[in-house]
Amino acid sequence: MTGDLAILGHYLPQLIGGVVTTIGLWVAAAILSIVIGMAIALARSFGGPVVNLPLALCVQLIRGTPFLVQVFLLYFGGPALGLSLDPIPAGLIALALFGGCYLSEVFRAGIRAVPPGHVEAAACVGMTRLQTFRRIVLPEMFVMVLPPSVNIIIGLLKDTAILSVISVPELTGAVQQIGSETFAFVLSLGLLSLSYWALVELCAHAGRAAERRLSTFRFVS
Amino acid sequence: MDGKLFLLMVKAAGVTAVCSVLAIAIGIAIGIVVCGATLARPKPLQIAARLYVSFFRGVPLLVQLLLFYNLLPAVGLNISSFFAAELALSLCTSAYQAETLRGGFLSVSTGLKEAADMVGMTLWQRFRRVEAPIALRLTIPAIVNEAISILHASALVSVIGVVELTKTAGEIAASNYDPLPVYACAGLLYLIMTYVIQLLGLAAERRFPVRSA
Amino acid sequence: MTPAIEVSGLVKIFGDVPVLDGVNLSAPAHQVTCLIGPSGSGKSTLLRCMAMLERQDAGSIQIDGQPLSIAGQHARKGDLRSRIGMVFQQFNLWPHMTALGNVAEALRTVRRQPRRKAEDRAMAELEKVGLAERAHLYPRQLSGGQQQRVAIARALALDPQLMLFDEPTSALDPELTGEVLNVMRRLATSGMSMVVVSHEIGFVASVAGHVAFLDRGKIVVSGSPEEVFAKPRHPRLTQFLETYIDREASQLIA
């Protein structure tokens with residue numbers, strides 16, 4: 001066992017590279033999906049049926065199929081449409097679109113859940129639509145969408161592991177590589193599980209702490 | 001892509017459906033037990049159940065699959081990849097189901113339980129006739145969502161060699177060098193199965209309505 | 001004659017707030033006893049102690065001469081409880097059962113009656129509260145007043161010796177309170193022993209045989225409605241009637 005550990009130590013640079021890729025991909029995908037999610041939610045909420053319907057269809061397609069199939073479709077099917085991507089950009093785009101679609105549904109529900117009375121009250125004191133959105137709708141919505149958004153973003157962290165199948169050199173891929181070279185599969189996969197577990201619990205903990213701090217501002221019952 | 005290949009994929013979709021349905025059913029059964037443990041009195045039982053839920057929700061399913069696939073033979077259990085896949089899928093979904101059920105039980109209002117107490121029901125009668133039916137009905141939408149997640153997650157079992165829809169699509173794509181329509185077709189089949197689950201869920205909600213709870 | 005329920009020296013403390021501070025009350029059998037008082041005065045807690053939904057910190061409760069012992073096991077608590085009917089402010093009908101199912105449920109599970117017999121009895125009870133033709137509807141398909149009438153039928157189906165009502169009309173729209181109060185009036189006329197927490201002063205004045213006014217966990221005034229509402233009134237009762245009810249209503253019962 002200690003021998004195995006020593007062998008794993010040998011692969012430390014590869015492991016560190018994997019961790020950096022995983023976290024980097026995750027953070028980039030999270031930021032992109034928030035932007036995409038917000039854009040879709042706004043377009044669908046205020047854009048009228050011409051914008052809403054095609055977007056609704058796209059969201060349905062992504063929410064109705066496995067992420068793995070989407071990754072394959074983009075990475076292996078892309079070249080047929082003149083879209084040849086390297087593994088990392090392909091993975092990042094797939095992950096960001098996937099997360100963005102799920103987040104857009106949460107954001108849309110958040111926008112809908114702001115009581116119309118609050119918007120009317122803002123209009124009555126003379127706020128413009130933009131001011132109302134920025135000062136009233138957005139903050140109220142933020143408190144509501146925080147818990148489900150945190151869940152989705154944590155989900156993205158776990159989904160980065162799936163990108164190993166298109167040979168993105170993230171943590172799971174790196175560990176599998178080491179496993180196949182050293183045959184210490186169980187040990188390395190066990191340690192890998194523990195690392196993800198710790199990372200996910202850490203994020204969930206941070207999310208709950210943020211929720212607690214914000215719960216004072218829960219205006220919407 | 002010709003009709004013969006399409007038929008092959010429809011058959012593979014059948015394997016995916018079987019994988020998912022089995023995992024959901026076993027997952028709910030284990031989930032009920034784990035949920036019971038999280039709500040039970042003895043502290044160690046509670047802690048064990050919490051750890052279980054946290055682990056299986058915290059580790060990517062792909063890593064769980066690889067772990068079970070490699071771990072079981074290492075401890076002397078020679079199992080098929082299908083079995084390893086079912087095991088990982090069921091355990092993973094059971095953790096989510098346990099949390100959902102727990103939420104359902106916690107949201108049965110005190111007043112409804114007090115009403116059961118007041119007509120003289122025992123704790124077991126109250127559980128069986130009032131709490132469990134209401135909690136189960138409240139969790140139907142969440143269980144439907146979880147069923148859809150499992151259907152989608154089952155694509156991952158292709159990685160450990162189970163020949164289901166995604167694996168079949170990969171094999172066809174590798175042999176005919178035309179991956180775009182093949183994966184699009186696989187996506188369509190998943191989409192259809194997703195809608196079937198959604199329709200079943202809506203039917204269940206209509207059949208067992210519970211609001212104002 | 002033995003009182004329907006007798007409470008002596010009852011103390012209930014939530015945290016370090018005494019909600020009930022040595023309450024003595026004797027509710028005569030076959031009469032309506034009404035508990036009135038401002039919110040937070042402890043009247044609902046008193047009723048919930050009688051129903052064994054809260055456990056008192058000191059004092060005793062006797063129903064029909066027998067002490068209610070909370071220490072008893074759940075099954076025994078169940079025995080005693082099915083002799084007490086409880087009607088809640090929020091109705092608490094089980095949402096997954098029809099009106100008939102709600103009324104028949106305890107007959108089947110607790111009294112172990114066969115389905116037919118239980119449902120016949122349940123139907124008879126629903127008829128008494130005027131809801132026979134709604135028997136197969138679910139709670140969410142009924143108005144608040146109808147739900148509360150089903151809840152009364154559910155309690156009556158077990159032939160209780162005593163009925164407890166915890167603000168039965170407070171959750172209802174004003175135009176729906178009448179139908180519930182009428183059912184309660186009929187029940188009172190039939191000689192049922194009842195303890196009612198209510199803000200409906202008109203109902204209290206016309207139906208109660210005994211009124212207790214609670215304030216800050218103590219019974220301040222009690223007696224027949226004539227005695228309690230007679231002038232000169234206790235100053236805290238006057239204040240309650242003027243702030244919580246309204247001036248005109250308090251003059252009506254002058």
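Reply: Go ahead. Keep in mind that this is a predicted model.

Me: Let's start with chain A. How many helices and strands are there in chain A?

Reply: Chain A has nine helices and zero strands. Along the sequence the pattern reads α-α-α-α-α-α-α-α-α. The C-alpha atoms of chain A fill a box of roughly 70 × 45 × 25 Å along the principal axes. Of the 221 residues in chain A, 46% are buried.

Me: What share of the contacts in chain A join residues at least 24 apart?

Reply: The share is 79%, among contacts between residues at least 6 apart in sequence.

Me: What makes helix H4 of chain A mostly covered?

Reply: Look at its residues, 67-77. Nine of the eleven are buried. Among them are A:Phe67, A:Leu68, A:Val69, A:Phe72 and A:Tyr75. A:Gln70 and A:Gly77 are on the list of buried residues too.

Me: What covers the buried residues of H4(A)?

Reply: The cover includes helices H3 (49-63), H5 (87-113) and H7 (129-159) of chain A. It also includes helices H8 (165-176) and H9 (179-207) of chain B. Two chains take part in the cover.

Me: Why is C:Arg149 called buried?

Reply: The relative accessible area of C:Arg149 is 11%. The cut-off for buried is under 20%. The value 11% falls under that cut-off, so C:Arg149 counts as buried. C:Arg149 lies in helix H5 of chain C, residues 144-156. Leaving out residues up to four places away in sequence, C:Arg149 touches C:Val129, C:Gly130, C:Leu131, C:Glu179, C:Val180 and C:Val183.

Me: Now the cysteines. How many disulfides does a search of the whole structure find?

Reply: Zero, over all chains. Take A:Cys101 as a test case. The closest cysteine sulfur to that of A:Cys101 is in A:Cys58, 7.3 Å away. A disulfide needs the two sulfur atoms within 2.5 Å.

Me: What about B:Cys92?

Reply: B:Cys92 is in no disulfide either. The nearest cysteine sulfur, that of B:Cys19, is 14 Å away.

Me: Are A:Cys101 and B:Cys92 buried or exposed?

Reply: A:Cys101 has a relative accessible area of 4%, so A:Cys101 passes as buried. B:Cys92 has 8%, so B:Cys92 is buried as well.

Me: Let's move to the chain pairs. How do you know that chain A and chain C do not touch?

Reply: Their nearest C-alpha atoms are 19 Å apart. Contact asks for heavy atoms within 4.5 Å. Chains A and C do not touch. Two pairs of chains are in contact, and chains A and B share the most contacts.

Me: What makes up the contact between chains B and A?

Reply: 30 residues of chain B are in contact with 31 residues of chain A. About 2700 Å² is buried between them, with carbon and sulfur atoms giving 78%. There are seven residue pairs in polar contact and zero salt bridges. Helices H2 (43-58), H3 (61-74) and H9 of chain B each supply at least two residues of the side that touches chain A. H9(B) gives the largest share, nine residues. By class, this side of chain B has 21 nonpolar, eight polar and one charged residues.

Me: And where do chains B and C stand?

Reply: Here 23 residues of chain B are in contact with 24 residues of chain C. The two chains bury about 2100 Å², 65% of it on carbon and sulfur atoms. B:Met118, B:Val119 and B:Arg129 supply 31% of the area that chain B buries against chain C, more than any other three residues.

Me: Why is the pair B:Glu114 and C:Arg48 called a salt bridge?

Reply: The closest N and O atoms of B:Glu114 and C:Arg48 are 2.5 Å apart. The limit is 4 Å, between a side-chain nitrogen of Lys or Arg and a carboxyl oxygen of Asp or Glu. The distance of 2.5 Å is within 4 Å, so the pair qualifies. Chains B and C have two salt bridges between them. Six residue pairs are in polar contact across this interface. Helices H5 (110-118) and H6 (123-138) of chain B each supply at least two residues of the side that touches chain C. That side divides into 13 nonpolar, five polar and five charged residues.

Note on methods. Residues are numbered from 1 along each chain as its sequence is written. Chains are lettered from A and ligands numbered from 1 in the order in which they are written. This is a predicted model: local features need pLDDT of at least 70, side-chain atom pairs count only at pLDDT 80 or more; totals for chains, interfaces and linings use all residues. Side-chain values use heavy atoms; hydrogens and water are left out. Buried means under 20% relative accessible area, exposed over 50%, partly exposed in between (1.4 Å probe, protein chains only). Helices (H or I, at least four residues) and strands (E, at least two) are DSSP runs, numbered from the N terminus. Buried area is the accessible area (1.4 Å probe) that two parts lose on being put together, summed over both. A polar contact is a pair of N or O atoms within 3.5 Å; within protein, one must be able to donate a hydrogen and the other to accept it, and residues adjacent in sequence count only if both atoms are side-chain atoms. Ala, Val, Leu, Ile, Met, Phe, Trp, Tyr, Cys and Pro count as nonpolar, Asp, Glu, Lys and Arg as charged, and the others, Gly among them, as polar.
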